[in-house]
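Please keep the sequence and the structure in view while reading.

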Amino acid sequence: MSLWSLAVRNLRRSIQRTVLTMVAVAVCVIAFLLLRALNASWTDQITQTPNNRVVARHKVGWDQTLPVHYVAEVAKFSGIKHAMGGRWLGLKHPVQTQVYIDATAVQAEPFVQMHYELVAPEEQKRAFVAERRGLMVSEELAQRFGWSLGQTVHLKGTLFAGDWVFVVTTIYHSTRHGFGQRSVWLHWEYLNDREPVDKRDLINIISAEIFDPSQGAQLAKAIDIHFDQQDNQTFTQEDQALNASFVGMFGAILKALDVASVLILGVVLLILGNTVAMGARERTSEYGVMRAIGFGPSALIVLLLGEAAALGLGGGILGTVLAFPVVEGAASRFVQESMDFAPLLVPRAFAAAAVVLATLLGALAAALPARAALQLEVTDALRHQG
Amino acid sequence: MAPLNLLFRYGLRSLWVRRATTVAAICGIALTVFVLAAALMLAAGLRETLLSAGQPDRALVLQGDAFAEGDSRVRQNAAQLVAAAPGVRHDAQGPLVSAETVVHVYLAQPNDENRLASVQIRGVTESAFRLRPEVTLVAGRKPAEGTNEAMVGVGLRGQYNGLELGQGFALQKNRDVKVVGIFAAERSAYESEVWVDLDLVRSTFGWQGYLSAVSVRLESEQAFDRFAAAVTLDKVQGLSAERERAYYRKVSDNLSNTISVIGGLVAGIFALGAMLGATITMYGAVSQRRREIGILRALGFARGRVLLALLVESSALALAGGALGLAFALCTQFLHFSTVNWATGQELVFRFLPAPRALGLALAVGCVAGIVGGFFPALKAARLSPTEAMRR
């Protein structure tokens, strides 16, 4: 029997303690993966953004507007495939006023051509383009409000006051995390015609699809230079960079999640260290015997290290396996219901890392007890009363 | 009572004998209490910031269905209509009514050009100061009316480019404003704003003839219903009135919910981990001291006493851990926390507020984790039969 297997067998000597420790480590691993999943639900918005788009917004602030003719000018740039203008407006359901609806008025034709991540049957998309009062609705909102295709719906404007009448032409499914999940899209022309004459022909953003993703940054710069002499200057970014700066606005919250996820690893270390130290103390006299019959110091290190790493590994695997139902099931439902969140997903890379980390933390936790065991005189160890 | 006293000392001394284990358990509980306290302090800080902006006798008049000031657009004459409504408080200079326009401007952090914040700019007149006596200058002077001078809330001071006394930034191309004053407002959300002249904002952003909202101070809290009924009567104008408190609760709901839900969820799991940690420690303590416990029982200490002694031990662990965690949590109040409130698109500065309720709740959770964790091991010890325990 090798020393390593003896180390693992030591875990059976106090089944209760071993089980408790592994469960405690598993709980911490679940917490760790939950924190990573919460963090990822923001940062995934960046990584899943298509890399072939640039977005221009007003240089000054998000509530400022650009003249609509900027869209046609951007479309003329070489390297740009499609360009569309959009304007945000708040809408709310006349009865379920607490449900947040993200509404944008868009130039329908280029919008539909560009946004392949909003998946719907082709004829529904064509119907949206053809119907002036058409409304593209996410399947989540359609379900929540009980809307069906062809239905006429009445909504209240928050940014643009009054009653709005739409026809549901399209119900789509978004394949991109955090994009369009609670959104509706309507025709910009419909909005524009309702505005007073002096407030017409305005947009908030221009989104453009480019042929070559590697040209994004250069094109963005060229667009800003083009409008630099105008009264309304643009601030153009690749869509990914735009979303990164958007997520950056919650930077403080993400940092807090990061700090907490490091702290939880500290808790894992404490729990494992505690258990290993207890075992080592109880077995001091055995270590004395082993040393006395000729085992070297490395044997003790193997024993302690093996036991601690096995504890970490066991807890890590248990926690990771349980994290999927807990995080993606219960916790995900909870955050979706209580705060309008996209579903939580355990980041796969972190799930694998958690198992490795727990094992390494186990090994690290063995360091102090191992040092104490090595410093012990054999005679003292033999005399030790558990 | 001597024996009881003795038992307590015995419990505490055994913690000292197993120092390393004790420290590990204390740290585990301390981390839990720290995380929970920090999350609750942050939520309390956000509440402080947004709810102290709302005074019970103040109200806002917005466009009918607008969610926030930034979404609202009312005609200029709404201000006169509001001023004439019943229930409005008057001072020597007339009705306490402030016509305001709110816009947002991107400003970058001095150390990171890519970290843009959307800073809320409030266009105000002299009435805004009469309406909000809590706004006081802490440096510089008040901006002169009809100029391009601005004053900056202390929360934003120095955090973004141009927001320092003597500096300035561009509202629009060729429309620079100069910072001449820094103001405080009892830690309310106004401290996360920049105030400039109303007409400057309106001419710069094409708001001529329009306002975002009209703020008003009422004769009393009870005057609101009368006031609201009168203001909303005119269906053509389509105005809505809201108590300032309700308004700020509404716009902060989503953000404070997020912080408390995430904080609570995470701290809950942390607490479970700490509880298990305490259980492991106390089981270890019991199994190591079987013989001692047997002797205690043989000497005539009753089961209940032994249970009590071990519970005292785990409570001491929990209290020490809780105190340590709170000490760390209290240090966070010196941190600056700033994030966007996505309900209004406004950068909001707040702090970790050491609210007694937040601290008390965190400490209680830590103590419960320690005591519950210690309970089953203590029960096991109390059930030991003296003869078996001493035989080992």
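The model is predicted. Chain A and chain B bury about 5,200 Å² between them, and over all chains a search of the whole structure finds 31 salt bridges.

**The interface between chain A and chain B**

- The size of an interface is often given as the accessible area lost when the parts come together.
- Here chain A and chain B bury about 5,200 Å², and 65% of this area lies on carbon and sulfur atoms.
- In chain A, the residues that lose the most area to chain B are A:V60, A:W62 and A:M249, which together account for 13% of what that side buries.
- Counted by residues, 62 of chain A are in contact with 60 of chain B.
- Between chain A and chain B there are 13 residue pairs in polar contact, with both residues at pLDDT 80 or more.
- Several elements of chain A give two or more residues to the side that touches chain B, namely α2 (15-47), β1 (53-58), β7 (152-157), α9 (239-248), α10 (251-282) and α12 (297-339).
- The element that gives the most to this side of chain A is α10(A), with 15 residues.
- By class, the side of chain A that touches chain B has 31 nonpolar, 19 polar and 12 charged residues.
- The count of salt bridges between chain A and chain B is 2.
- A salt bridge joins the side chains of B:D65 and A:K92, at 3.9 Å from N to O.

**Helix α6 of chain B**

- Helix α6 of chain B covers residues 224-231, and in this helix B:F224, B:F227, B:A228 and B:V231 are buried.
- Why do these residues lie on the same side of α6(B)? They cover an arc of only 95° around the axis, and therefore they share one side of the helix.
- The cover over the buried residues of α6(B) includes β1 (58-63), α3 (78-84), β13 (213-217) and β14 (239-243) of chain B.

**Residue B:E134**

- B:E134 is placed in the loop between α4 (127-131) and β7 (136-140) of chain B.
- Is B:E134 buried or exposed? With a relative accessible area of 8%, B:E134 is buried.
- Leaving aside neighbours within four places in sequence, the residues in contact with B:E134 are B:R58, B:A184, B:A185, B:E186 and B:Y190.
- With B:R58 there is also a polar contact, made between the side chains of B:E134 and B:R58 at 2.8 Å.
- B:E134 and B:V306 are 172 residues apart in sequence, and their C-alpha atoms are 58 Å apart in space.

**Residue A:Q124**

- A:Q124 is found in helix α5 of chain A, which covers residues 122-130.
- A:Q124 is buried, because its relative accessible area is 14% and buried means under 20%.
- Apart from neighbours within four places in sequence, A:Q124 is in contact with A:L149, A:T169, A:T170 and A:I171.

**Salt bridges within the chains**

- Side chains of opposite charge can pair when their charged atoms come close.
- In chain A, the side chains of A:R133 and A:E131 meet in a salt bridge of 3.8 Å, N to O.
- A:R133 is partly exposed, with a relative accessible area of 33%, and A:E131 is also partly exposed, at 26%.
- In chain B, B:R202 and B:D199 form a salt bridge through their side chains, at 3.2 Å from N to O.
- B:R202 and B:D199 both belong to helix α5 (residues 198-205) of chain B, where they are 3 residues apart, about one turn of the helix.
- B:R202 is buried, with a relative accessible area of 8%, whereas B:D199 is partly exposed, with 48%.
- Another salt bridge of chain B links the side chains of B:E219 and B:R226, at 3.7 Å from N to O.
- B:E219 is partly exposed, with a relative accessible area of 45%, and B:R226 is partly exposed as well, with 47%.
- Salt bridges with shared partners also join B:E69, B:E100, B:R122, B:R132 and B:E193 into one network.

Definitions and conventions
Residues are numbered from 1 along each chain as its sequence is written. Chains are lettered from A and ligands numbered from 1 in the order in which they are written. This is a predicted model: local features need pLDDT of at least 70, side-chain atom pairs count only at pLDDT 80 or more; totals for chains, interfaces and linings use all residues. Side-chain values use heavy atoms; hydrogens and water are left out. Buried means under 20% relative accessible area, exposed over 50%, partly exposed in between (1.4 Å probe, protein chains only). Helices (H or I, at least four residues) and strands (E, at least two) are DSSP runs, numbered from the N terminus. The arc is that of the directions from the helix axis to the C-beta atoms. Contact means heavy atoms within 4.5 Å. Buried area is the accessible area (1.4 Å probe) that two parts lose on being put together, summed over both. A salt bridge is a side-chain nitrogen of Lys or Arg within 4 Å of a carboxyl oxygen of Asp or Glu. A polar contact is a pair of N or O atoms within 3.5 Å; within protein, one must be able to donate a hydrogen and the other to accept it, and residues adjacent in sequence count only if both atoms are side-chain atoms. Ala, Val, Leu, Ile, Met, Phe, Trp, Tyr, Cys and Pro count as nonpolar, Asp, Glu, Lys and Arg as charged, and the others, Gly among them, as polar.
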